[in-house]
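Please examine the sequence and the model below before reading on. The paragraphs that follow lead through the structure one region at a time.

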Amino acid sequence: MYSAEFYNWCKVELLLVKASECLRKKFEQCWQHKYKVAWSNSPGCRQNFMNNVGLNVCRHVGKIQKEYLEGGDIKKWDLSIFNAIFTMSDLNRDKVFQANLKRLMPIRNSMAHHSDKKISTQEYQHYWNELKGILLFLGVTDEELDDILHSHSSDSKMYILNENVKKSIELKQEGNNLLKEQKFKMAASKYTDAITLPGLPDGDLSVLHSNRSFCYLKLDKYAQALEDAKLSKRLNPEYLKAYIRLGKAYEALEKYDKAVKNFDKALSLDMNNEEIRQMRSDARRLKGLQERDNDESLHELNMKSRQEFNAMKNKDEVKKMMFKYNPSLEHVWAGHEYRDDQNYSMAVECYKRAADMRNAEGMYNLALFMIKGHGVSKDYTQAFKLLMEVSKFDAFDKRNNPVVGVKEAEHSIALGYQEGSIVEKDLQLAVVWYEKAISHQSGMSANNLALMYTNGGDGLVKNLQQAEQLFLCALNYGDPNAMDNLVHLYLMSGNINKAEKWNEKSKKQGSKLARQREEPIAKMILQSNAHISDVIEWEKGLNLPFENMTVHERFFRKLSYEHPDKPEVLEALQGLESIRNKSDRPSPTKITTKGYKYDFEVLAKRKDTSVFSNRMYFAVLRFMEAMEIFSDIGRRSIVVLDNDSRSFINRLSECYKLEHFVGSMPVDIREVMRKHVLLLLSHSDRAVKHRENSDELAFNQDCRFCHAVLNMQSDESIDFLTECIKKYPNNEFFLELRGCLYNFKETRESALRDFNRIDGILKDDVDNLYHKACTLKLMSRYKEATVTYNKFISVASADHRKVPEAYYSLGTCSMGMSKKKKNIDTDSMARYYEQGLNAEGKQIPFFLPYESTTKELLETMLRTIGGLSKIKGKPVVKLADPFRKDLIVNHRRGVRDFGEVLSSSNGHAIKFTAKPSKTQSAPVSLVGLKPTYLNEIDPTSDHVLNGFVLELTLITEPFDNNMSISFVAEDNNSNVQRVSLYNFDKKHTLAIGAKISIINPYLRSAMDGKPLIRVDDPNSVIVSPHQIVDMCHYCGKGQSKYSCSKCKQSKYCTKECQVLDWKEYSHKLICIP
Ligand SMILES: [Zn+2]
Ligand SMILES: [Zn+2]
């Protein structure tokens, strides 16, 4: 790999390192001799040193060396430091010693200037002669010198690596300084110099790549910035900055989805980081998907209502009245005033007072301030408690007005669960709370939940129909952001015409994004047909449905059909790495946290229930033991091959042999362990040379195995394993590991050869069967893979963590085989999928939720060919629409309230309506009218749709309040809206189930601020002779047989519908006998 000149350079470096080691020892001796105490890295010792020798020395060394000196860690001191110490102090004035020192320094200096790290043989001879004498004088033995020069053994490499680490730290420092001066190009080249040093630990490299990524970003080299950021992440998946760099790079490349995801990840590593939060919301904005944050709309709302209030003429009196009616409101309003002036601490005081009086708005605002840490110290626990308390309030008061703060609190709770910001992340709970807030008419929540369904993932099934429904719901509740999101949804699903229509509306509302989208949408309209035509062709050929799918998914479906093995490249390492990289999963190996203990307890309970649990139990136990020993021996400065070291290797290798992934650990610990194990290995190699007994040989194999596992990511690991296999041809662990690495490098033939060899040693070993099956699948040898997977399943215990994966893989194999036969075997795919799901249920709890790309692939496939409905058919129906429920329940409440008012006022209802801002009337001619639908009408703007017809079906009984006839109606897409007909005298023609067409409908923002369809000219309503007879009051089916036994009016098609109508639509409100 390296040239002879490089090795020459290394050897001289090694000799110099040896020299500085000698000087270190000398220093310790002299120190002890002079001060009568042994040198230690204690503050006292350091102080003593700085007071005497150090001060002078500090003035004569470089900045970095000065830092090392002051740090007092003697191990970090290098030759030039010791040289300075000995020449400037009286620690050792021995003449011969000083003379040797003098000879040493020029060599060191000329080496430091060998930037190409190459030394010719002649030059090397010269240095060698010089150094040999010096080192012998300093007490190095001939054998030691021999060792350095003639062994290519690992520890000599180790020294080089150490030197490189030091050098890289210097270079990084220089780079960082240049960064501060905004000299990005120069900084990048410093980092490059550091990165190219061989043998740096992953953790250091990760930081260097991250820093260089930052430089590239500043230099507008985005692709390079991305490359570096990716590398940084791969080298250290726990490194926060790697994700920030990834986010920034993706953002620069306009891949906002990925940017947001990475900022999410960064935020999950540091929840309180406001800077990252800001980056993420910027990326979100760029992505064009406006997620509603907590409080902004409320802020505006309050401003608006208060401004309106201030504009009132008799406001002081009204104010007095309001505060008398609700005394805590005075504090809330005062709080808002302070908040708007950014006097946060006073605002908090006011909110606190209101909160003490149990005012929901006050409590909610107080919670928000606690989350932000404005005017009060950050306290998520307390804030969350407050929010939960507010959420218990009634969302509406007696007059059916919303109680400010309640749905907002519910929204905040949901957001907290979604983001994992103030509570532990839990998407299921986020959905529950969003739904709750939506049921209280929160547009923000409808918007956010719709976004979750738009994007899917994280255990939530993507559902575009539901997303559309919810965006429309959000619009009806007045959240204008939903409009741009709706455009995005239509763009995604390839519904470009709809996207264009809504974009037009959004543009009218002044959306900047809509203006930006105009041109690309126009282009897409031109291209779309050409683009997707062969996908359509293919879908037609196999008669596949495509509703509810994005264009991307349709491409993906075709692609995965053609290459069933493609998405699994990632899987090639067979979980060796995948689990360790997932920091968000409770890992069984977090050493100090409760999670670990808990996991271990779970295993202890299960250990006798299955072979796999038993193995896991012992793997974890061995790992714990190994870590315990290492916490002691890892601190030693000298690595020796004593009993402790032996039992450490013994435990660690046991753990690795049982289950590799159990032994994952934080990068920094792994780094220390890696070095330690490397030294132990070199000792062991030497020991084996001396006495080749079986114990020694077994230990050597264990050492090698630990080393190999700890260095799995290194390029040389395959070479190393090959060497091991040559030495120990019957050790299946080396073969297994090498096979996995071959797979990772996509050299499948070699991988298969290794696994077959294991088969010769151990017939039908569980893990080997699994590896083999995967390899066969990746080679598209589906038949053999199927046989092998089945064999694996028959041997493995039910809770083996690869059993579900095996079933899913069988599903994709079936897909692969069907490709050859040109027909899709949906049944067997569905069967495998179901078996996979069942197998998941048998997993050890901490492996859940089960994540697998194979499963995702199979799921997408099944979902889109109708196979999924065979398993868990829960189709989205219109009945899930929260807006429908809201309208129906409110309609019924209106009916009931009116009845009560009527009976209390002896039949004289108060007539009260506001004059509409626009007039609606029937057209002169019916020619040229175009049909329209509710999902094409912007509910946030008050407008008449001239030239359009809206066809509707009544889904509630119409209700006459003496002024107008109102009802809830649905259109042919099952979207719903309220309708009010004025001046309409043919009331008798209308009933639930009636179908009407409204010409020139008027979308009016009603008095309650929400939209309804208003008709003023009765001639614009055409009642159809066709209607749904005996319509079920819940689901809308005709010819319903059952009637409510109490009111005898409402019809139902089934008992279930009746129960649901009672429960969900509050039938009670209108159930009057
Ligand atoms: Zn029904
Ligand atoms: Zn009834």
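With which side chain does the side chain of Lys1010 make a polar contact? The partner is the side chain of Gln441, at 3.2 Å; a polar contact is a pair of N or O atoms within 3.5 Å, where within protein one must be able to donate a hydrogen and the other to accept it, and residues adjacent in sequence count only if both atoms are side-chain atoms.

This is a predicted model, in which local features need pLDDT of at least 70 and side-chain atom pairs count only at pLDDT 80 or more, while totals for chains, interfaces and linings use all residues. Residues are numbered from 1 along each chain as its sequence is written, chains are lettered from A and ligands numbered from 1 in the order in which they are written, and side-chain values use heavy atoms, with hydrogens and water left out.

The chain contains 45 helices and 12 strands; helices (H or I, at least four residues) and strands (E, at least two) are DSSP runs numbered from the N terminus. Of its 1073 residues, 51% are buried, where buried means under 20% relative accessible area, exposed over 50%, and partly exposed in between, with a 1.4 Å probe and protein chains only. Among contacts (heavy atoms within 4.5 Å) between residues at least 6 apart in sequence, 63% join residues at least 24 apart.

Lys1010 can now be placed in this setting. The residue belongs to the loop between β8 (1002-1005) and β9 (1011-1015), and Lys1010 counts as partly exposed because its relative accessibility is 21%. Leaving out residues up to four places away in sequence, Lys1010 touches Gln441, Asn476, Tyr477, Arg978, Arg1004 and Ser1005. Its C-alpha atom is separated by 8.1 Å from that of Pro939, 71 residues apart along the chain.

The interior comes next. In soluble globular proteins, nonpolar side chains tend to be buried together. A nonpolar core is a set of buried Ala, Val, Leu, Ile, Met, Phe, Trp, Tyr and Cys residues joined through side-chain atoms within 4.5 Å. The largest one here has 81 residues, and those with the most contacts inside it are Leu387, Leu449, Met452, Phe471, Leu486, Trp502 and Tyr1034. Helix α19 (residues 360-372) supplies the largest share of this core, nine residues. Another core, of 55 residues, lies apart from it and includes Leu680, Leu710, Tyr728 and Phe755.

Strand β5 (residues 964-970) has seven of its seven residues buried, so the strand is largely enclosed by the rest of the structure. Ser964, Ser966, Val968 and Glu970 point one way from β5, whereas Ile965, Phe967 and Ala969 point the other way. Strands pair if DSSP finds at least two bridges between them. Strand β3 (residues 948-954) runs antiparallel to β5 and is joined to it by two bridges, with Leu954 as the bridge partner of Ala969. Strand β4 (residues 959-960) is also antiparallel to β5, over two bridges, and Asp960 stands opposite Ile965. Seven bridges join β5 to the antiparallel strand β6 (residues 976-982), where Tyr982 is the bridge partner of Ser964. The hairpin of β5 and β6 has five residues between the strands, and Ser974 in the turn has a positive phi of about 70°.

Two metal sites complete the tour. Donors are N, O and S atoms within 2.8 Å of the metal (3.2 Å for Na, K and Ca); water is not among the atoms, so sites may look incomplete. Cys1032 counts as buried because its relative accessibility is 2%. The zinc ion (ligand 2) is coordinated by Cys1044 (SG), Cys1047 (SG), His1067 (NE2) and Cys1071 (SG) at 2.1 to 2.4 Å, and both His1067 and Cys1071 are buried. The four donor atoms around the zinc ion (ligand 2) subtend angles of 103 to 115°, so the arrangement is tetrahedral; four donors count as tetrahedral if all angles lie between 85 and 135 degrees.

Definitions and conventions: Tetrahedral: all angles 85-135°; square planar, octahedral: opposite > 155°, others 65-115°.
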